[in-house]
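Subject: Structure handover

Dear colleague,

Here is the structure you were waiting for. My notes on what was found in it come after.

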2 protein chains.
Amino acid sequence: MCELLGMSANVPTDICFSFAGLMRRGGETGPHRDGWGIAFYEGKGARCFHDPQPSVESKIASLICEHPIKSHVVISHIRQANVGRVCLENTHPFQRELWGYTWTFAHNGQLSDALFELTLKFYEPVGTTDSEYAFCWLLGEIRERFTHQPNDSRMLYRFIREKCQQLQQLGVYNMLLSESVHLFAFCSSKLSWITRKAPFGKASLLDCDMKVDFCEETTPNDIVTVVATEPLTHDEVWQSIQPGEMVTFVRGIPQAE
Amino acid sequence: MCELLGMSANVPTDICFSFAGLMRRGGETGPHRDGWGIAFYEGKGARCFHDPQPSVESKIASLICEHPIKSHVVISHIRQANVGRVCLENTHPFQRELWGYTWTFAHNGQLSDALFELTLKFYEPVGTTDSEYAFCWLLGEIRERFTHQPNDSRMLYRFIREKCQQLQQLGVYNMLLSESVHLFAFCSSKLSWITRKAPFGKASLLDCDMKVDFCEETTPNDIVTVVATEPLTHDEVWQSIQPGEMVTFVRGIPQAE
């Protein structure tokens with residue numbers, strides 16, 4: 001299994017605090033030694049870092065912790081390999097372009113070989129993971145159904161959820177997906193989220209001795225949602241997404257379907 | 001104008017020496033202050049770093065200089081903006097997937113507005129540069145002509161060169177393009193290359209007081225080709241590519257058409 005971390009915020013926000021916790025699971029408090037990656041959206045642009053090395057030993061991961069990149073949407077992943085050897089092209093998150101947006105995808109879980117019978121119509125995997133294959137299929141389905149970006153976003157939410165439910169029938173399929181505006185979080189077994197907004201409190205990481213007082217880091221209008229495989233802090237109330245459900249966030253706020 | 005830097009090698013090689021020279025042109029010895037980017041191929045995987053900040057001030061650029069990433073193929077670019085504002089989505093190199101390969105593209109020059117009348121068939125730009133539009137068009141043309149990767153690579157070389165010649169009619173179009181195996185270098189006004197192999201000598205950078213003795217860095221079987229907008233060293237003989245011509249490198253060796 002792997003660990004997912006996502007963020008959706010209404011102001012450019014750094015994810016250092018949460019990322020510091022996740023990183024420790026990459027070979028220290030967790031068994032996820034098979035690489036890690038993180039994508040930061042700045043406007044429509046996406047900056048992506050990949051490293052097949054364990055995150056706890058990674059110089060690039062240290063750089064990200066020390067020199068915060070502020071972003072509206074973040075998707076991160078640390079990997080414990082099941083399908084596909086440990087190498088750069090098998091390292092999440094994966095990216096493809098659709099409608100002039102860079103789509104970013106990370107997956108936690110494992111899908112059966114029946115996945116590879118699904119027909120790919122537009123996108124082909126570069127590596128050999130079930131995850132990238134699922135992403136190529138999913139994005140190809142979206143592209144076929146919606147030639148252009150739909151005006152009614154709820155049609156898109158429903159379509160993505162249905163396709164994720166189809167993938168879920170092939171195994172475990174927890175997913176984070178974004179095109180820069182929306183953060184789509186589909187839960188097949190475990191995925192939790194928390195929205196931090198005024199009045200802000202304090203929080204302590206589960207994975208290392210690190211606390212933050214969000215009052216000192218934020219303004220009263222900030223809304224910041226963090227999504228993770230498992231809660232990252234022990235003194236806040238996280239919400240679980242129910243298996244088979246998807247929550248879509250825009251600027252930190254969960255959207256109605 | 002911008003600066004291009006490419007590498008093709010038969011062994012994983014670090015590009016620190018050449019990159020150090022290029023980086024100085026990003027706001028110090030050159031006027032290219034509008035961001036920079038670099039892509040490293042490791043097998044089929046590609047690791048890409050983008051920074052809209054000047055390279056000479058960039059912490060990520062320092063990290064790359066200090067912690068060499070060894071690669072068979074590298075494409076790098078530092079930007080002096082003409083078309084498109086300075087932001088992440090306008091920062092080269094650009095990437096798209098075709099045939100299960102990540103294609104990487106960087107451009108030096110400027111193309112007329114007639115470019116935007118060319119029909120895009122598969123790929124759409126995320127940003128607003130002429131360069132990314134040209135890349136989307138070029139890759140779409142390749143995709144339409146070759147549904148699958150052609151067995152005869154020379155057909156592909158010829159097709160890419162013809163399409164580049166078509167783009168060149170719209171302005172200045174120096175280009176580096178790769179899909180992990182080939183490095184395609186098309187010259188419209190200036191592009192030079194040098195192949196370093198045994199017996200290796202010494203070289204001194206033009207842009208800063210830095211020398212390297214390649215004997216100490218290499219084995220006798222290494223073949224390393226560097227392509228750049230202008231020669232990076234003053235004590236080696238660089239070859240110019242003629243305007244309208246393309247040289248394709250595989251494992252450091254120029255390929256016959």
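Leu167(A) is buried, with 23 other C-beta atoms within 10 Å (buried is 20 or more other C-beta atoms within 10 Å of a residue's own, exposed is 12 or fewer, and partly exposed is in between, with C-beta atoms placed from the backbone). This is a predicted model, in which local features need pLDDT of at least 70, side-chain atom pairs count only at pLDDT 80 or more, and totals for chains, interfaces and linings use all residues. Residues are numbered from 1 along each chain as its sequence is written, while chains are lettered from A and ligands numbered from 1 in the order in which they are written.

Leu167(A) belongs to helix H4 of chain A (helices, H or I of at least four residues, and strands, E of at least two, are DSSP runs numbered from the N terminus). Apart from neighbours within four places in sequence, Leu167(A) contacts Leu111(A), Ala134(A) and Tyr173(A); contact here means C-beta atoms, placed from the backbone, within 7 Å. Ser112(A) is 55 residues away from Leu167(A) in sequence, but the two are 9.6 Å apart in space, C-alpha to C-alpha.

Leu167(A) also takes part in the packing of two helices. The axes of H3(A), residues 130–145, and H4(A), residues 153–168, come within 11 Å and cross at roughly 145 degrees (axes are lines fitted to C-alpha atoms, for helices over the stretch in contact, and angles run from 0 to 180 degrees between N-to-C directions). From H3(A), the residues involved are Ala134(A), Leu138(A), Glu141(A), Ile142(A) and Arg145(A), which meet Phe159(A), Ile160(A), Lys163(A) and Leu167(A) of H4(A). Six of the residues in this contact are nonpolar, none is polar and three are charged (Ala, Val, Leu, Ile, Met, Phe, Trp, Tyr, Cys and Pro count as nonpolar, Asp, Glu, Lys and Arg as charged, and the others, Gly among them, as polar).

In chain B, helices H3(B) and H4(B) pack at an angle of about 145 degrees, with their axes 11 Å apart. The H3(B) to H4(B) contact divides into six nonpolar, no polar and three charged residues.

**The core**

In soluble globular proteins, nonpolar side chains tend to be buried together. The largest nonpolar core has 126 residues, and those that touch the most other members are Leu176(A), Ala185(A), Leu176(B) and Ala185(B). A nonpolar core is a set of buried Ala, Val, Leu, Ile, Met, Phe, Trp, Tyr and Cys residues joined through C-beta atoms within 7 Å. Beyond four places in sequence, the contacts of Ala185(A) include Gly6(A), Leu176(A), Trp193(A) and Val227(A).

**Backbone points to check by eye**

His92(A) and Pro93(A) are joined by a cis peptide bond, with omega about -10 degrees. Pro93(A) sits in the loop between strand E4 (71–78) and strand E5 (94–98) of chain A. In chain B, the bond between His92(B) and Pro93(B) is cis too, with omega about -10 degrees.

Ser180(A) is not a glycine, yet has a positive phi of about 115 degrees. Its place is the loop between strand E7 (174–178) and strand E8 (182–186) of chain A, and Ser180(A) is buried, with 21 other C-beta atoms within 10 Å. Ser180(B) likewise has a positive phi, near 115 degrees.

Gly84(B) lies in the loop between E4 and E5 of chain B. With 19 C-beta neighbours inside 10 Å, Gly84(B) counts as partly exposed. Gly84(B) touches Asn90(B), Gly127(B), Thr128(B) and Thr129(B), leaving out residues up to four places away in sequence.

**How the two chains meet**

Contacts between the chains involve 23 residues of chain B and 23 residues of chain A. On chain B, the elements giving two or more residues to this side are strand E3 (45–51), helix H2 (59–66), strand E5 (94–98) and strand E6 (101–108). E3(B) provides the largest share, four residues. By class, the side of chain B that touches chain A has nine nonpolar, six polar and eight charged residues.

The same surface serves both copies, as 100% of the contact residues of chain B recur in chain A.

Regards
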